[in-house]
Amino acid sequence: MPKVCTYTVVPKIPARIERLRDIAANLWWCWDHEAIELFFRIDHDLWERTSQNPVSTLGEATQTRLEELTRDEGYLTQLDRVAQRLDAYLKNGPWKERNPNAPEGFNVAYLSAEFGLHESVSIYSGGLGLLAGDHLKSASDLGLPLVGVGMLYREGYHRQYLNADGWQQERYPHNDVYKMPVSLVRASDGKPLLVEVEYPERVVRTRVWKCNVGRVPLYLLDTDFDGNDPDDREITARLYGGDRDMRIRQEILLGVGAVKALHSMGVFPTVYHMNEGHAAFMTLQRIKEIIQQDGLTFEQAVDSVKAASVFTTHTPVSAGNDMFSPEMIEHYFRKYCEDIGISMQQLLALGRQDPNDTREPFCMTVLALKVSAAANGVSKLHGETARSMWSRTWKDVPEDEIPITSITNGVHPRFWVSRDLAGLYDRYLGPAWISNPADPAVWSRIDDVPDAELWRTHERRRERLVNFARRRLIAQLSKRGASHAEIAAAGEVLDPEAIIIGFARRFATYKRANLFLTDPERFIHLLKNDGRPVQMIIAGKSHPQDNQGKELIRNIIHFIRRYDVRNQIVFLEDYDINVARYMVQGVDCWLNTPRRPMEASGTSGMKAAANGVLNISISDGWWCEAELLGENGWTIGHGETYANPDEQDLVESQMLYELLEREVVPAFYERGRDGLPREWIKHMKCAIRTICPYFNTHRMVQEYADRFYVPCTKRRNDLRDKKRARSLALTNWKRKVLDSWGKVHFLEVESGPTEGLLYGSDLAVKADLQLDKLKDTDVTVEIYYGDVDPYNRITSGRHAEMKCTAKLDGGVFRFEGAVVCDKTGQQGFTVRAIPTHPDLHDKYEMALIAWA
C-alpha cells in the first residue's frame, strides 16, 4: 500500500461568531439549554444527523450558513449572552466559599473505565459511565478541584441493531477524535505528550487527550496511533471488548497510565477515587513510585497509598467484579515484583480475601478495598450487600461493622430535566434549583406550580417522545428492509394522549426485562383496554457476549408480533443518552423490575422523577430510600426475598399487574371537570418535592467531599508531614501488632449474676487478656452484646468499651466494663479486642479481631 500522510482541516468560522468554537470545546454547553439552542439554530437537520455534536456541526455547516449567522442580530445577541455566561462560570467556582476548611492543595483524581457525558462522546456503555459523567458535571458546578481520567475508545461501546428475528447485532463505528470536543495534551516542546506503560512483551505508549467538562478537565488515554504495535493499538479499541487478557491490559493502562499521565502533566492529586475496581492497578503504580523515589518499604508504601485512596463499588453481582488468575497476574507483574523487591505472594495477597488461599483468584475489588482508606456502596441496601459479599476480607468482623459504608447515587438535574420543565422550574422555583439542588426548600416550591401548567408541560414532552419514537422506529424498519406498509404503520404507533410506561436499561437477566410478560393474556388486556389503554416504550442493550440478555430482547420482539401490539409497545434500538433523555422526559411511569438485592442503585428512575415521572419499582437499590408508600410512585412488593426465583417472578409479576390495574391506570385516566388528572399531578409534585433534593449528584459529590475527600486529604497530609514521620511510625506499629497478634487471646471472662437482672441495671464484666509484647493502649477491648438467635449467636450486636484496670504478670492485662440492661428478654454477650492507634482511618483497618 502507498504511504498515506494525514492532515487535519478545521472549520473556517467568521470572526464575529468565533466564540462558537470556545463553547463547542467545553461540554458545559450540554447542560445549558440556551447554549444547545445556539448549535440547533445553525442547522436543525445537521444537528440531529451529527448526534447533536457541536464540533461536527460547525465543521459540516456550509460557509454560506455561517456567514448568514453573522448578520442575524438575534443570534449574535444570544451568542454573546451564552459566551459571557460561560466565561463567568469558568472564572468563579463556589468551592472555597462553601468549603472554607478544605486543605490547601486539595485535588481529587477520579478514575473510571467509562464516562457518559453526552451522546456525541461515545465512551460509555451504561449506568456506571452516566454516573461518572454526572459526577464530573456536579464537581464542575460545585467548583470542586477534581480531574477525571479515563480512556478514549476508538470504537466505544457497540451500536445496537436488531435483525429480522429480533436478535441483537452489533456494529462498531469509529469515533473520529477530530470531530469530538477533545484536544491533544502536548509536552513543553509542543509535541504530543507520550506516557510509557510497561507490559511484559514491550513498552506501550499512550497519548493523552483533554476534554473540558465545565471547570473539570477529563484526561483520556489512547494507544491507537502509529507509535505502537498493532496489538497494543487495540487496548483502547473497545469498551468492555475482547477476552480476559485484553481486559487486564486495559486495566493496567487505566490504572498505571493514569498515575503516570497525571504526574507527567504536573498534577499530583491528594486523593484518588476509583469508580469501580477497573482502575485499582493505580494503587500499585503509586506504591512503586513511592518505594523507588522515597526509599520506603512495601508495607510503608501501601499505608501511604491507602491513606489517599477512595473506592466506590457498584456491582452486587459476583460476575461483575473483575478477577484474574494468579498465573495471569504473575505474567503481567513479575517484573513489577522484582523492581520493588517483593514476592509474588505478597502482591497476590492484596487481591485475595483470604491471603493464604493460593487457589483464590486476584480480584480487583478486593485490591481496591484493601488499599483504600474509605469504601462505599451506592445505596444503603447496596452497602449492606457489599458488606456481605466481601465479608471474608475482614474475617470474624460482624457483618454490619465491616468498613464499607454507602453514599447513594444521584443525577445531574440540569442535564436531565427537559427544557420545557426547566423553564417552569425557573419561574416557580427560582435559580436555586440549578445552583443548589440539594436544598429541600427549593423543591418544596413545586406546590406553587399550577396543576394545569405542570400537566400541559408534561403533555408536550409526551407528544415529543411519541414523535421521536415514531421517527426512530421508521428509521429502524427502513434499515432492516421492512415493507412499505410496515414502515407507514410505524408513523402511527402510540397514542400521545394515553399513558406510556418506560423501561430502559441494560438487558442483564437479573433486571428481569420480561417480568411484565409473565401472564401474556392479562398484560394484553391492559394494553388493549379500549377506554384506558397502557403503552410501553422499551430500550436497552445486551452485552455482545450475553446471549441470555439477547434472548430477552428477542422474546419482547416476538411478543409484540405474536399478539399484534405494535401500536402499544415500541422497542427503540441503540439505547444511548439521547434516547434516555427523550424517555425520562416524556413517559408517564418508569418501570424497574430487578431481582432484589441485585440492583446496586439505579439512576434512570431518578432522572425520570426529576421530570415528574412516577416510578413503579421493586424495592431495591435507590428506591428503598425514596419510596413513600404510593405517594411519589409505586412499589412492587415489600422487599421480600425468595428462595425460589421462579416463584418470585410469578408473585411479583402478579403484584405488578395489580398495581397497574387498581392504582396506576385509574389514577392517570380519572379526570376532573377541567380534564386534569388531579390525583396523578399530586403524585408528580410529591415525586419532585421528595426525590429531587436528595437524589442529585450535587448532594452526592458534596457528600464524597465531606466524608471522604477532605478527611482523607487531611489525614494524608498529616501522615506525610515531617518526612512521613507519622506514616512510618504507623507502619512500624502495625508490624509490631502483626508479630504479636497470633498470641493475643482472652484467658478468662467473668461477669456478675446473669439471671433476673432488672431493666436499667448494669451487668459488670471483667476480662483478662494476653497481649504478648503489646501494651493495653495498643488495643480497644469491648463487650459485644445483643439479642441471641436459636444458635446462640448475637444478632444486631452493640458494643461497650472496657477500661484497663490492672497490669498482671506475663503480658496479661485486666479490662473491666459493664452492659446497661436497657432491653428485656434473653440477651447474650462476649468480649473482643481490636488493634487501635490514633492514626488508623477506622477500627478495622488492619482486619484483625480477637474474640473470647
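This note sets out points on the overall form of the chain and on several of its local features.

1. The structure is a predicted model. Along the principal axes, the C-alpha atoms fill a box of roughly 95 × 70 × 50 Å.

2. Secondary structure and contacts. The chain contains 30 helices and 28 strands. Of the contacts between residues at least 6 apart in sequence, 72% join residues at least 24 apart.

3. Burial, surface and charge. Buried residues make up 58% of the 852 in the chain. The accessible surface is about 34,900 Å², and carbon and sulfur atoms account for 49% of that area. The chain carries 107 positive and 119 negative charges, whose mean positions lie 4 Å apart.

4. Helix α11. Because 11 of its 14 residues are buried, α11 is largely enclosed by the rest of the structure. The buried residues include Phe 281, Met 282, Leu 284, Ile 287, Ile 290 and Ile 291, and Arg 286, Lys 288 and Glu 289 are also among them. Just after the helix, Gly 295 adopts a positive phi of about 70°.

5. Helix α23. Within residues 520–527, the buried positions are Arg 522, Phe 523, Ile 524, Leu 526 and Leu 527. Their cover includes the strands β16 (534–539) and β17 (569–572), together with the helices α24 (547–562) and α28 (645–669).

6. Arg 512. This residue is located in the loop between β15 (499–504) and α23. Although Arg 512 is not a glycine, its phi is positive, at about 50°. Its relative accessibility is 2%, so Arg 512 counts as buried, the cut-off being under 20%.

7. Ser 51. A positive phi also occurs at Ser 51, where the value is near 60° in a residue other than glycine. Ser 51 belongs to the loop between α3 (44–49) and α4 (54–60). With a relative accessible area of 33%, Ser 51 is partly exposed, whereas Arg 512 is buried.

8. A cis peptide bond. The bond joining Arg 596 and Pro 597 is cis, with omega of about 5°. Pro 597 sits in the loop that runs between β18 (589–592) and α26 (604–610).

Definitions and conventions
Residues numbered from 1 in each chain as written. Predicted model: local features only at pLDDT ≥ 70, side-chain atom pairs only at ≥ 80, totals over all residues. Heavy atoms only, no water. Buried < 20%, exposed > 50% of the residue type's maximum accessible area, 1.4 Å probe, protein only. Helix = DSSP H or I, 4+ residues; strand = E, 2+ residues; numbered from the N terminus. Contact = heavy atoms within 4.5 Å. Areas by Shrake-Rupley, 256 points an atom, 1.4 Å probe, with all protein chains shown as cover. Lys, Arg positive; Asp, Glu negative; His and termini not counted. Charge placed at Lys NZ, Arg CZ, Asp CG, Glu CD.
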